[in-house]
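Q: Got a structure I'd like to go through with you. Can we start with what the burial words stand for?
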Amino acid sequence: MLVSRVKNHAIRQHRVLLSLVVLGFLIWRSSSRVRVTDMPAVRVEGLNANSSRFTLNGEPIRILGGSMHYFRVPRAYWSDRMVKMKACGLNTVTTYVPWNLHEPERGAFKFHGQLELEAFINEAARVGLWVILRPGPYICAEWDLGGLPSWLLRDKNMKLRTTYPGFTAAVNSYLDKLIPRVVPLQYMKGGPIIAFQVENEYGSYGNDSQYMSFIKEALVSRGIEELLVTSDNRQGLHRGGLKGVLKTINLQKIHPEVLRQLEAAQPDRPMMVMEYWSGWFDVWGGLHHVFEADEMVPVIAELLSQGMSINLYMFHGGTNFGFMGGALGNQPYRPMITSYDYDAPLSEAGDYTPKYHRLRTLFRGYQSDNLPMMPKSQQKKPYKAVTVFQHLSLWEALVYLEKPHHSLRPVNMENLPVNNGNGQAYGYTLYETAITSGGTLNSKNNVRDKALVFVDKVFIGVLDYKTLELAVPDGKGERILSLLVENCGRVNFGKDLNNQRKGLVGDIVLNNTPLRNFNIFSLDMKPDFIERLQSTKQWKSVPKMLTYPAFFQGKLWVSGYPADTFIRLSGWSKGVVFINGQNLGRYWSIGPQQTLYLPGPWLKRGVNQIIVFEEQEADVSIQFTDTHDLGMTIDV
C-alpha cells in the first residue's frame, strides 16, 4: 500500500513537471513572436521582375536579405541565427551550396547532418524567411577552390568554369543529385525558394560564351521555374549577365556610374544589390578587417531610398571549419583564416553587434508589422585551462595512415591513388626519399603551399613561395629527407583556379639533381584517422624535450549544459585542433586570429577529448575564454 502511494505521488510530480515544461515552452514561443510567413492560400505567380519593382504573387515586395551559409554554422544554431535575422527586419536568407562538401568523391554524395540542405531551407520557411539559393557550381565564398571539388584537377587538361567536356559532365552528374532536392521547395510548389542564382561573378572570370547558357539550361531542364539572377561586381558587370536573366550587382560603396550602368542594361526592371559587403574577409599574416557601422548604414539607407532591394553579404559569416578556407592567388599567395566573422552584423558566434542594432532601427521603417523580439545570445564560458598530458610524434603516427604510395617522381595531392581513386583533397602530404649527401635543396617553386623539411627527422627549415632554397647539412651514409607539405587552401577567385594542385607539383633538386624514389603518405586527417589516434594505446606522457611535428592530447571537463567558448593557444605555433573528432580548423601564431570558436553543441557533459596537431612549437596548456579575439584591426 505504501509502495502504491509513493508511486502515485511520483507520477503526479512527473505530470506536474511535464506540464510546467510544456507551459514554459509555449510562453517562450509566444514571447519570441516569430511567425511562419503568412503563406498565400493560392500562389498565382512567383517572384516577378518585369517592372521596376519586384512582385511576389502579384504584390509588391522589397527583398531585405542576408547571407548565411549552412555549412559554416553548426546545424544546432541554424534556427537561432535565422530568428535573429527575422528580428532584425530581414525577409530573405541567401546561401551558397558547396559542391566540394556535397560530392567529396566522384559519385559519392552527402546531403545529411550538417549538409542537409532541405532541412536548412525548411527551417527558413518555418521562421518566416524566403530563400534565394545560389547553387553554383562555382561559389567563390572564400572557400577552397570556390566550392569546386579537388578531384576535378586529376584531369591534367581540366578547364574549370567552361564547357570543357570533363567539367560539364561532372556538373551534370552533380546537378542530377542536387536539383531534385530543391525543386519541391520552390515558391510555386509551396516552398520558400523565390529565386536561383546562375553561377557566380562569371563576368570577372570567363570568356566561354556558351558556359553561362549551359548552367542556365542545366537548372531549367531539371525543373527550376523561379526567377533566375546573375551576380557580378563592378569590374565584371559589363561582361556578366545572360539573356532573360536579371542582373544584380555586388558592392560596398556607392558608385553612381555603376548603378546607372546596371539600370541602363535592364531598364524598367528591379535594381538589387545581391552582395552588399557588410565587412571583409581576413588572411593569415594580415589584420582583421572592420567596416564601421557609421560608414555602412548610410550607404544601405541610400540604396533603400532609391527603391533598391538588398542582400547583406554576410549577415552572419560563421567559420571555415576544417581545412575549407580558400586563398587569394594574386602575388603573394595569402590563405584565409579559420574565422569567417566578416565583421558581419551577427558575429561568428552569433552575437549581436552595433551594426545589427543600427540595421534593426533602419529596417523597422520598412516593415508594416512590429519586428519580433530579439532572442538571447548563447552563453559563453571560459572553461578551466586544459593541460595536455599525452604526446605522439608524427613519425609514430604514420602507422595509422594508409600504406605510403611509392613513386619515382613526386605526385601532387590530387593525383595520389587514395580515397577510392579521388586523390587527396586537404591537409598535409609527407614526401620521403633517401639522400647520400648534403648541399643545396631547391624547390623550383614546386611546393604548394608550405613544406617543413627534415633530415632523419631533424628539422632543417621551411620551403614555401618565398623561400625556394635550403642548405642540407652534410652527413654520413644514406639519410632520409622528409618534406611535410601543407595545402594551406586553394585559391577561390581569379584566373588561377586551374592551377590549384597541391603538394609537390614538380621536381625538387639537390645540388641540381632531381630527387627520385619517393614514399608518399597522405595525411588528410579525416575523422577515421582521428578516431584511430583516439583509440590507440601508443600515446606517451609529454616528454620534457618535445619533438615536432606531433599530436598532443588533453581532456576538457564540462559540467552542466555545454556552452560556446573560444580556444586560445598562447605559446603554440601552427597547427589544427580537434574536439571530440570535430576539426575546428587551423591556428597560426602570425595572426590576426588569436582564438578559435568552439560551439557548445560540439561539446558534451563530462569528458571531451582534445587533440592538437602542432607543427613546430607547443605549450602544455590550452586556454579557454568567453571573448573572441580576431586580432589587430584595419579599416576596409
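A: A residue counts as buried when its relative accessible area is under 20%. Over 50% is exposed. Keep in mind that this is a predicted model.

Q: Then is Val198 buried or exposed?
A: Val198 has a relative accessible area of 0%, so it is buried.

Q: Where is Val198 found?
A: In the loop between β7 and α6 (211–220).

Q: Switching topic. Where does UniProt place the "active site" feature?
A: The unreviewed entry puts it at Glu201 and Glu275.

Q: Which elements hold them?
A: Glu201 lies in the loop between β7 and α6. Glu275 is in strand β10 (residues 272–277).

Q: What is Glu201 in contact with, leaving aside sequence neighbours?
A: Glu275 is one of its contacts. Others include Arg161, Asp232, Asn250, Trp277 and Phe493.

Q: And which side chain makes a polar contact with the side chain of Glu275?
A: That of Arg134, at 2.8 Å. Glu275 also touches Tyr96, Asn200, Asn311 and Tyr313, among others.

Q: Now helix α4. How many of its residues are buried?
A: Nine of the 11, over residues 117–127, so α4 is largely enclosed by the rest of the structure. Leu117, Phe120, Ile121 and Val127 are among the buried ones. Glu118 and Glu123 are buried too.

Q: What do the buried residues of α4 pack against?
A: Strands β4 (64–68), β5 (92–96), β6 (130–134) and β7 (193–197), plus helices α2 (78–88) and α5 (165–182).

Q: What follows α4?
A: Gly128, with a positive phi near 105 degrees.

Q: How does pLDDT look for the chain?
A: It averages 94, and 94% of the residues score at least 70.

Q: Which element has the lowest mean?
A: Helix α1 (residues 2–32), at 42. The highest is β5, at 99.

Q: Where does pLDDT stay under 50?
A: Over residues 1–11, which have zero contacts beyond four places in sequence. Residues 16–37 stay under 50 too, but have 23 such contacts.

Definitions and conventions. Residues are numbered from 1 along each chain as its sequence is written. This is a predicted model: local features need pLDDT of at least 70, side-chain atom pairs count only at pLDDT 80 or more; totals for chains, interfaces and linings use all residues. Side-chain values use heavy atoms; hydrogens and water are left out. Buried means under 20% relative accessible area, exposed over 50%, partly exposed in between (1.4 Å probe, protein chains only). Helices (H or I, at least four residues) and strands (E, at least two) are DSSP runs, numbered from the N terminus. Contact means heavy atoms within 4.5 Å. pLDDT is the predictor's confidence in each residue, from 0 to 100. UniProt positions are given in the numbering used here, feature names are shortened, and annotations may be inferred rather than shown by experiment. A polar contact is a pair of N or O atoms within 3.5 Å; within protein, one must be able to donate a hydrogen and the other to accept it, and residues adjacent in sequence count only if both atoms are side-chain atoms.
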